[in-house]
Amino acid sequence: MIELEGVPELIDPVMICAFEGWNDAGDAASTAVGHLDREWKGEVFASLDAEDYYDFQVNRPTVALEGGVRKITWPTTRLSVVRADTGEQSRDLVLVRGIEPSMRWRSFCNEILGYAHELGVEMVVILGALLGDTPHTRPVPVSGVTSDPDLARSLDLEETRYEGPTGIVGVLQEACAHAGVPAVSLWAAVPHYVSQPPNPKATLALLNRLEDLIGVRIPLGELTEDSRAWQLGVDQLAAEDSEVAEYVQSLEEARDTAELPEASGEAIAREFERYLRRRDGQPGPGGHATESGGLAEGREGGTSGGPGAPYLRDPSTGHGRPRKPSPRDEMAKDDAEDTGGAEDETKGPDDAQDGEGQDASHREDGGTDRGGDGDEGSGSGR
């Protein structure tokens with residue numbers, strides 16, 4: 001029996017989970033949960049026993065000196081609770097952050113579900129990140145998947161059809177399904193050619209999609225500036241290597257071609273409605289970021305993904321190469337004219353099509369067909 005002391009009665013609680021390792025390319029998912037914990041000052045109320053789930057030769061404990069006293073920190077999974085209060089609305093989030101366990105995955109999932117049951121959690125959202133053939137110059141693709149057909153229809157998610165090896169994200173989602181707990185996985189695609197952590201742009205994309213899913217505006221703090229700096233840094237690296245620049249350009253062309261069928265009336269209308277919802281809302285502390293990593297303020301030369309924004313630097317000139325305008329650009333332009341040309345303060349319809357996951361291989365746990373040895377911390381997303 002799980003006994004919870006000092007945890008108040010929660011308001012519409014949602015459990016948000018992320019695990020370092022195989023399902024966390026660029027540390028994007030675990031950083032997102034860490035950001036929520038930091039911004040809303042989470043209080044840890046439980047930790048899973050490290051002896052039960054971790055091989056300490058794979059995930060070694062660390063030792064540090066605190067006031068001249070040696071202290072050992074063991075790898076584990078911790079649970080904290082935060083009150084997501086934006087003034088207009090509030091709900092509680094149960095944050096689960098840890099490392100993918102080395103053993104006893106079924107017991108691990110059952111213990112987490114035990115806490116979810118005791119806390120009255122209404123839905124479990126598991127964040128993950130995978131390596132994919134996606135260019136860093138485009139908005140980060142985020143796919144939302146579930147194994148519940150009714151939940152897929154009600155939340156406009158993909159119903160998973162994946163078969164093959166999976167990680168703790170896939171196992172936990174399936175355990176939730178068997179327990180009758182609504183569960184969703186959100187996956188961000190990280191460019192495989194720049195996979196080293198951190199990746200603030202992918203973290204922002206996950207937080208934006210999570211914000212839409214749970215209906216709470218998330219303060220972004222310094223993530224917007226970090227994302228902009230990350231993209232500028234990768235732009236410079238690509239500009240210094242002509243082969244990398246050509247490869248990125250080929251990924252851009254493939255991405256644009258793959259997205260052409262999505263330019264249907266229904267898809268455009270869906271994105272435009274989402275744009276209007278964000279415009280009507282008030283940005284959280286630090287501004288509201290687009291998935292491309294820039295503040296959605298229509299700044300010329302920014303990385304917000306708006307019309308005319310530079311994406312790939314030309315190695316010969318060092319200048320940004322603007323992408324071709326899309327039908328959504330025209331729609332955004334018409335809307336701006338109708339409103340007197342006011343600058344948008346929220347994400348426009350030119351941003352990523354969240355949840356479409358065009359660069360992923362439609363895998364249940366967001367993995368791709370790309371090879372990899374699956375070592376701990378590799379973030380291969382399999």
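**Exercise 1. Helices H1 and H6**

Decide whether H1 passes H6 in a right-handed or a left-handed crossing, then describe the packing.

Solution. This is a predicted model, with residues numbered from 1 along each chain as its sequence is written. Local features need pLDDT of at least 70, side-chain atom pairs count only at pLDDT 80 or more, totals for chains, interfaces and linings use all residues, and side-chain values use heavy atoms, without hydrogens and water.

- Step 1. Find the elements. H1 spans residues 28-39, and H6 spans residues 200-214. Both are DSSP runs, numbered from the N terminus (helices: H or I, at least four residues; strands: E, at least two).
- Step 2. Take the geometry. Two packed helices are described by the angle between their axes and the distance between the axes. H1 and H6 pack at about 60°, with axes 8 Å apart. Axes are lines fitted to C-alpha atoms, for helices over the stretch in contact; angles run from 0 to 180 degrees between N-to-C directions.
- Step 3. Classify the angle. H1 and H6 are therefore oblique to each other. The classes are roughly parallel (under 35 degrees), roughly antiparallel (over 145), roughly perpendicular (65 to 115) and oblique (the rest).
- Step 4. Assign the hand. The crossing of H1 and H6 is right-handed. In a right-handed crossing the near helix is turned clockwise from the far one by less than a right angle; anticlockwise gives left-handed.
- Step 5. List the contact. Ala28, Ala29, Thr31, Ala32, His35 and Leu36 of H1 touch Ala202, Thr203, Leu206, Leu207 and Leu210 of H6. Contact means heavy atoms within 4.5 Å.
- Step 6. Sort by class. This contact has 8 nonpolar, 3 polar and no charged residues. Nonpolar covers Ala, Val, Leu, Ile, Met, Phe, Trp, Tyr, Cys and Pro; charged covers Asp, Glu, Lys and Arg; the others, Gly among them, are polar.

**Exercise 2. Helices H6 and H7**

Work out how H6 and H7 are placed and which residues meet.

Solution.

- Step 1. H7 covers residues 223-239. The axes of H6 and H7 come within 8 Å and cross at roughly 135°.
- Step 2. The pair is therefore oblique. The crossing of H6 and H7 is left-handed.
- Step 3. From H6 come Pro200, Lys201, Thr203, Leu204 and Leu207; from H7 come Leu223, Thr224, Asp226, Ser227, Trp230 and Gln231.
- Step 4. The contact of H6 with H7 splits into 5 nonpolar, 4 polar and 2 charged residues.

**Exercise 3. Helices H3 and H5**

State the arrangement of H3 and H5 and the classes of their contact residues.

Solution.

- Step 1. H3 (residues 105-119) and H5 (residues 168-179) pack at about 55°, with their axes 10 Å apart. H3 is therefore oblique to H5.
- Step 2. The hand of the H3 and H5 crossing is right-handed.
- Step 3. H3 supplies Trp105, Phe108, Cys109 and Leu113; H5 supplies Ile168, Val171, Leu172, Ala175, Cys176 and Ala179.
- Step 4. That contact has 10 nonpolar, no polar and no charged residues.

**Exercise 4. The largest cavity**

Give the volume of the largest cavity and describe its lining.

Solution.

- Step 1. The whole structure holds 3 cavities of 30 Å³ or more. A cavity is a set of points on a 1 Å grid, over the protein atoms alone, where a 1.4 Å probe fits but cannot get out; lining residues have an atom within 4 Å of a point.
- Step 2. The largest has a volume of about 60 Å³. Volume is the space filled by probe spheres set on the points, which are joined across faces, edges and corners.
- Step 3. Of its 14 lining residues, Pro135, His136, Val140, Ala189 and Pro191 are the closest to the centre.
- Step 4. Strand S10 (183-191) and H6 each give two or more residues to this lining. S10 gives the most, with 3 residues.

Notes: 1 Å grid on protein atoms, 1.4 Å probe; cavity = no way out; pocket = protein on both sides within 12 Å on 5 of 7 lines; lining within 4 Å.
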